[in-house]
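Please view the sequence and the structure together.

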Amino acid sequence: MLFRLALSNIKNRIRDYIVLLTGLVMSSAIFYMFANLATNEDFIKTNASFKFAVPVFYFGEVLLAIITFIYVMYANSFLLNMRLHDYGLFMMLGAKKRRVGSLMVLETLTVGVIATALGLVLGVALTGGISGLLFDHLGIVLHHFNPFYLKALLTTVLLYLILFVIAAIFNLQSLIRTPVLKLLNQTDSVDKIKVRGFGLFFSGILGVVLVGIGYYVLHEIVVFQLMAIPIALVTIVLGSYLIFRSSMTLIIHWLKGTGWARHKLNNFTLSQIMFRIRDYTKILTITSLLFALALGAITVGSGFNRQIDWMAKMSSSYTLAVNNPTTQEQKLMTQLTGTKIVSYDQKFVGKNVIYNEDQFVQNPFMVVKYEKAKDGTVKAPKTVPISVQKLKSDVNDQLDFLGLAGRTGVEPSFQKTNQFNQINANNNSVSVITVKNIGVNRDVLTKLNNLQNKAHPQESISGIGVGSFQAYLVISSMYGGLEFIGYFLGIAFLAMLASCLMFKILSGTRQDAIRYNLLSKVGTRRSLLRQSINREIFVLFAVPGILGIVDVLFGLQMFKPILDKPYYNIQYPILIFIGLYLIYYFLTTWLYKLIVLPKKKK
Amino acid sequence: MNNQAIVSVSDLHKTYGGKNEKQYEALKGINFDVQPGEFVGIMGASGSGKTTLLNMLATLDRPTSGSVKINDQDVTKLKGNKIADFRANEIGFIFQDFNLLETLTAEENIALPLSLQGVRRSAINQAVNAVATTLSIEDLLKKYPTELSGGQKQRVAAARAIVHKPALLLGDEPTGALDSNSARELLELLTDINQKQGVSVLLVTHDPFSASFCDRILFIKDGVIGQELKRNGDSRTEFYQNILEKLGTFEQ
Ligand SMILES: Nc1ncnc2c1ncn2[C@@H]1O[C@H](COP(=O)(O)OP(=O)(O)OP(=O)(O)O)[C@@H](O)[C@H]1O
Ligand SMILES: [Mg+2]
């Protein structure tokens with residue numbers, strides 16, 4: 001009987017349950033995605049070729065488990081608030097506490113099992129989908145990677161089992177402890193916020209100091225080594241939390257005192273944010289952290305991507321040399337973008353390859369110039385022209401130039417146009433192709449390279465020295481895994497973040513619906529209500545976003561030892577990220593308005 | 001129709017339930033006027049259609065047919081922003097369950113209608129203080145609704161309902177959640193507002209004591225107005241007796 005009653009209640013609150021389940025499913029799916037990489041040591045060892053790879057993933061997993069724990073506890077308190085009143089009613093009607101208690105445990109666990117099961121299905125699908133997309137986009141081939149990975153599956157199941165058992169125990173406790181009358185009168189009443197200026201100011205300062213310590217240890221990661229990561233984690237999380245609490249309260253309190261607050265719904269919006277911020281401080285801290293992690297992961301991922309192009313360009317002044325281009329090859333060459341193509345004539349006599357010196361005066365051969373910046377780091381690779389004299393004098397050091405012959409074991413030499421024309425040998429030529437962006441032209445270059453390898457098979461001189469495209473292929477097989485991990489994790493974290501924030505905002509809609517309904521009753525225009533909602537949610541999104549960006553800017557210090565220039569072109573990942581984040585913002589406001597705004601009367 | 005009337009309801013019908021649902025006709029042709037400055041009560045048994053009627057007057061719901069004119073404007077024809085502006089400018093509400101925003105202090109709650117109209121800050125402060133003095137709630141202004149008693153909340157709600165000087169004040173059982181003392185205080189307050197500021201008041205109630213503060217009472221039964229009772233200068237106690245008698249015969 002009681003069971004049937006509980007079921008019918010679920011039916012009535014289907015919308016709340018959908019919100020709850022969606023949130024939990026997202027969280028377990030994302031945890032699985034992460035665990036898929038993190039628990040796969042073979043994958044990490046083969047693909048993440050840096051020293052800290054395994055421990056970094058280990059910390060990542062612990063961090064995500066903590067976040068998941070908080071997340072599940074949030075979801076659970078949402079469930080608890082939703083149900084306590086009903087359970088109180090059952091008890092008032094004479095149901096035994098034990099019976100109601102077991103019902104509650106059963107319900108909590110059922111929600112957990114359903115959410116985890118659905119989450120795993122979604123997680124496998126997402127892992128497959130996203131990795132497929134990334135492989136296509138980045139042209140990476142990974143070993144030891146499989147969307148379905150049993151160890152990750154078991155890890156996820158185990159974690160969620162533990163979390164929901166804890167949640168069930170917690171629920172049972174609060175059911176047993178709370179008197180029936182209180183259960184019945186449970187309204188999510190809003191406490192008054194006391195603004196104690198001094199205390200808030202002090203905790204704000206403390207927050208800044210803590211965050212500062214975190215950033216410092218990240219900056220000095222070479223000194224602190226692995227310890228830097230847990231120290232930074234604790235100090236930055238705690239510091240952000242304190243900063244949020246105090247700064248937002250103080251700012252809003254100050255704004256409320258101004259004339260602006262008295263205009264239209266401004267005061268209401270401010271109050272909404274103020275009460276939210278309080279309730280949200282924890283989740284906003286998590287959000288800013290996730291935001292930082294996601295952005296950091298994508299930045300580092302694209303950093304590795306750039307690294308590939310960069311290191312490839314370091315290795316050679318041109319991208320690819322095509323000997324005696326056929327018409328098919330010439331056609332392919334026109335498909336390249338951002339190209340510079342220079343053609344030189346060649347004649348092969350015995351063990352010699354002879355070039356026309358005048359052609360080299362007209363179109364000087366280029367070589368890579370290595371430059372160091374003042375701080376000792378290597379500057380972006382630059383190519384400079386080399387004179388024929390210089391080329392002649394240290395010909396054996398110019399591997400790039402030697403490579404033009406298309407075969408090994410030949411000595412290059414030069415002749416003026418007249419003598420060159422008199423040489424009795426077949427006319428050959430080589431086209432030296434230089435493209436701005438290798439990644440963009442990868443497909444065409446691969447075709448050209450394959451055709452060349454077929455026409456002019458050569459014993460590989462370790463792949464390096466005959467055009468940067470060869471180097472590109474070698475390096476991208478090395479760094480591709482890291483790049484993939486960066487993007488993959490970035491997307492996973494972003495999804496986690498969005499569902500965290502969205503879930504929290506949507507879970508408060510029951511109270512808000514009443515407020516907006518009332519505002520509309522006293523004559524607030526719909527447009528004004530919409531504006532108020534947009535602003536409120538904007539602040540809730542923007543604040544952790546900004547803090548997250550700041551976190552990333554400092555956090556990237558950590559990658560200095562393995563990445564050349566972690567900050568190079570940082571604006572692009574940030575912009576992409578803000579774009580994605582905005583989409584979530586619009587989605588959230590849309591859902592929120594859908595639930596909260598009173599229905600329009602026709 | 002009478003042009004001076006502030007409220008003029010004619011042949012109002014309301015049927016609940018959509019096309020494929022069970023139909024229920026809650027109002028079956030209601031006609032009445034309210035003169036400026038009048039204090040009118042609407043009484044009737046539970047389920048007789050009192051709240052339904054008030055919702056039509058307040059533009060919270062639309063009638064199936066008939067018209068409601070407030071200040072010579074047919075409010076049933078209003079749409080979108082016009083509805084919002086009408087509510088914000090022309091009427092004040094007091095609900096049974098207070099309906100204060102618990103995220104705002106009493107003062108901010110009261111200021112809300114004026115803020116919505118874009119009134120200047122200094123004018124808002126002045127108006128809020130004035131109405132707070134009238135209702136003797138100056139000490140409560142800085143408090144949040146959770147820190148107020150039911151009676152105090154209802155005073156704040158009343159202040160919010162009249163701060164923008166509406167032409168018409170609507171109340172749906174505003175004393176329903178109050179003890180008899182607080183109820184009496186609120187009713188005296190409403191009478192005071194009605195007499196001193198000339199605001200017309202329309203009060204829905206099923207409680208004869210509350211009704212005895214009115215000038216005129218309309219009895220509604222099964223969706224139509226069955227009878228009317230006028231005070232005609234009687235004292236409140238006499239009127240109270242009359243109401244009780246009327247209810248005795250009417251409810252049978
Ligand atoms: N949204 C609705 N849909 C369908 N029927 C409704 C709706 N609202 C009210 N009713 C019906 O209309 C009738 C009148 O309801 P109304 O709320 O106006 O009564 P009331 O006089 O205010 O009663 P009470 O004194 O109990 O508040 C009732 O029979 C009720 O069941
Ligand atoms: Mg009613």
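## Model and chains

The model is predicted. Chain A has 21 helices and seven strands. Of the 602 residues in chain A, 51% are buried. Where contacts in chain A join residues at least 6 apart in sequence, 84% of them join residues at least 24 apart.

Chain B has eight helices and ten strands. Its 252 residues include 55% that are buried. For chain B, 69% of the contacts between residues at least 6 apart in sequence join residues at least 24 apart.

The size of an interface is often given as the accessible area lost when the parts come together. Between chain A and chain B the buried area is about 2,800 Å², and carbon and sulfur atoms give 56% of that area. On the side of chain A, the residues A:R262, A:L518 and A:K521 supply 26% of the area that this chain buries against chain B, more than any other three residues. In residue terms, the contact takes 32 residues from chain A and 32 residues from chain B.

One salt bridge is counted between the two chains. The side chains of B:D85 and A:R525 form a salt bridge with an N to O distance of 2.4 Å. Helices α11 (266–315), α19 (509–521) and α20 (526–555) of chain A each supply at least two residues of the side that touches chain B. By class, that side of chain A has nine nonpolar, 13 polar and ten charged residues.

## Helix α2 of chain B

Which residues of α2(B) are buried? They are B:I83, B:A84, B:F86, B:R87 and B:A88. An α-helix has 3.6 residues a turn, so residues three or four places apart point the same way.

## Residue B:A88

B:A88 is located in helix α2 of chain B, which covers residues 80–90. Why is B:A88 counted as buried? Its relative accessibility is 5%, and the cut-off for buried is under 20%, so B:A88 counts as buried.

Leaving aside residues up to four places away in sequence, B:A88 touches A:V522 and A:G523 in chain A, and B:Q117 and B:H164 in chain B. B:A161 is 73 residues from B:A88 in sequence, while their C-alpha atoms are 9.7 Å apart in space.

## Ligand 1

The residues around ligand 1 belong to chain B: B:Y16, B:Y24, B:A26, B:A45, B:S46, B:G47, B:S48, B:G49, B:K50, B:T51 and B:T52.

Several distances involve oxygen atoms of ligand 1. A side-chain N or O atom of B:Y24 is 3.4 Å from an oxygen atom of the ligand. For B:S48, a polar backbone atom is 3.3 Å from an oxygen atom of ligand 1. A backbone N or O atom of B:G49 is 3.0 Å from an oxygen atom of ligand 1.

Technical notes: Residues numbered from 1 in each chain as written. Chains lettered and ligands numbered in written order. Predicted model: local features only at pLDDT ≥ 70, side-chain atom pairs only at ≥ 80, totals over all residues. Heavy atoms only, no water. Helix = DSSP H or I, 4+ residues; strand = E, 2+ residues; numbered from the N terminus. Buried < 20%, exposed > 50% of the residue type's maximum accessible area, 1.4 Å probe, protein only. Contact = heavy atoms within 4.5 Å. Buried area = accessible area lost by both parts, 1.4 Å probe. Salt bridge = Lys/Arg side-chain N within 4 Å of Asp/Glu carboxyl O. Nonpolar A, V, L, I, M, F, W, Y, C, P; charged D, E, K, R; others polar. Near = heavy atom within 4 Å. Polar contact = N/O pair within 3.5 Å; in protein donor to acceptor, adjacent residues only side chain to side chain.
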